[in-house]
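Here are some notes to read alongside the coordinates, arranged as numbered points.

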Amino acid sequence: MKEQTIRRPKFDDAAKLKVYNKTDGCCHLCHKKIAKKNYSVIGTRGAWEIDHSKPASKGGSNHMNNYQPACIPCNRKKGNSSTQSARRTHGVTALPKSKQQKTELRKRKLLGGAGTGAVVGMRFGPIGAIVGAVAGALIGSNS
Ligand SMILES: [Zn+2]
């Protein structure tokens with residue numbers, strides 16, 4: 001039997017880390033956690049590969065902006081189908097959030113919560129505003 005040669009670009013550690021960090025270590029298709037150290041180690045927990053979001057066979061480029069981390073089962077199942085249809089099978093539509101996006105969201109929630117609390121607390125005078133802001137911030141950080 002003739003072995004099929006699949007041309008895959010070689011990724012160095014820096015490139016892998018960059019791709020891994022795009023989603024804060026989640027498969028971009030099913031959003032499950034992947035393990036940084038198990039890159040391409042088939043059969044291990046969190047084993048993952050770098051997926052061409054747009055398949056190379058469909059004109060997807062070998063550029064960082066076309067790379068996403070995917071767990072091996074997802075990547076193999078996806079084959080040449082589109083990222084959107086692969087995600088749909090997992091009931092997700094978007095890319096998992098990067099660490100930076102998560103931090104931004106948390107900050108926004110925290111500020112939003114403090115603001116709401118302060119407005120509510122204002123009715124009870126300046127001390128109420130402070131108590132309200134603190135409570136609001138706590139509520140904001142937990143939600
Ligand atoms: Zn996956």
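How are the donor residues of the zinc ion spaced in sequence?

1. The donor residues follow the spacing C-x2-C-x40-C-x2-C. Within this set, cysteine 27, in the loop between helix H1 (13-22) and S1, and cysteine 71, in strand S2, link distant parts of the chain, being 44 residues apart. Helices (H or I, at least four residues) and strands (E, at least two) are DSSP runs, numbered from the N terminus.

2. Please keep in mind that this is a predicted model, in which local features need pLDDT of at least 70 and side-chain atom pairs count only at pLDDT 80 or more, while totals for chains, interfaces and linings use all residues. Residues are numbered from 1 along each chain as its sequence is written, and side-chain values use heavy atoms, with hydrogens and water left out.

3. The zinc ion is coordinated by the SG atoms of Cys27, Cys30, Cys71 and Cys74 at 2.2 to 2.3 Å, where donors are N, O and S atoms within 2.8 Å of the metal (3.2 Å for Na, K and Ca) and water is not among the atoms, so sites may look incomplete. The angles among the four donor atoms are 102 to 116°, and the site is tetrahedral, a label given to four donors if all angles lie between 85 and 135 degrees. For four tetrahedral donors the ideal angle is 109.5 degrees.

4. Cysteine 27 has a relative accessible area of 0% and cysteine 71 one of 12%; both count as buried, meaning under 20% relative accessible area, with exposed over 50% and partly exposed in between (1.4 Å probe, protein chains only).

5. Strand S1 (residues 48-52) runs antiparallel to S2 and is joined to S2 by five bridges, where two strands pair if DSSP finds at least two bridges between them. Isoleucine 50 has proline 69 as its bridge partner in S2. In strand S2 (residues 67-71), five of five residues are buried, with Tyr67, Pro69 and Cys71 on one side and Gln68 and Ala70 on the other.

6. Tryptophan 48, in strand S1, is buried at 1% relative accessibility, and its C-alpha atom is separated by 7.7 Å from that of cysteine 27, 21 residues apart along the chain.

Notes: Four donors count as tetrahedral if all angles lie between 85 and 135 degrees; four count as square planar and six as octahedral if opposite donors are over 155 degrees apart and all others between 65 and 115; anything else is irregular.
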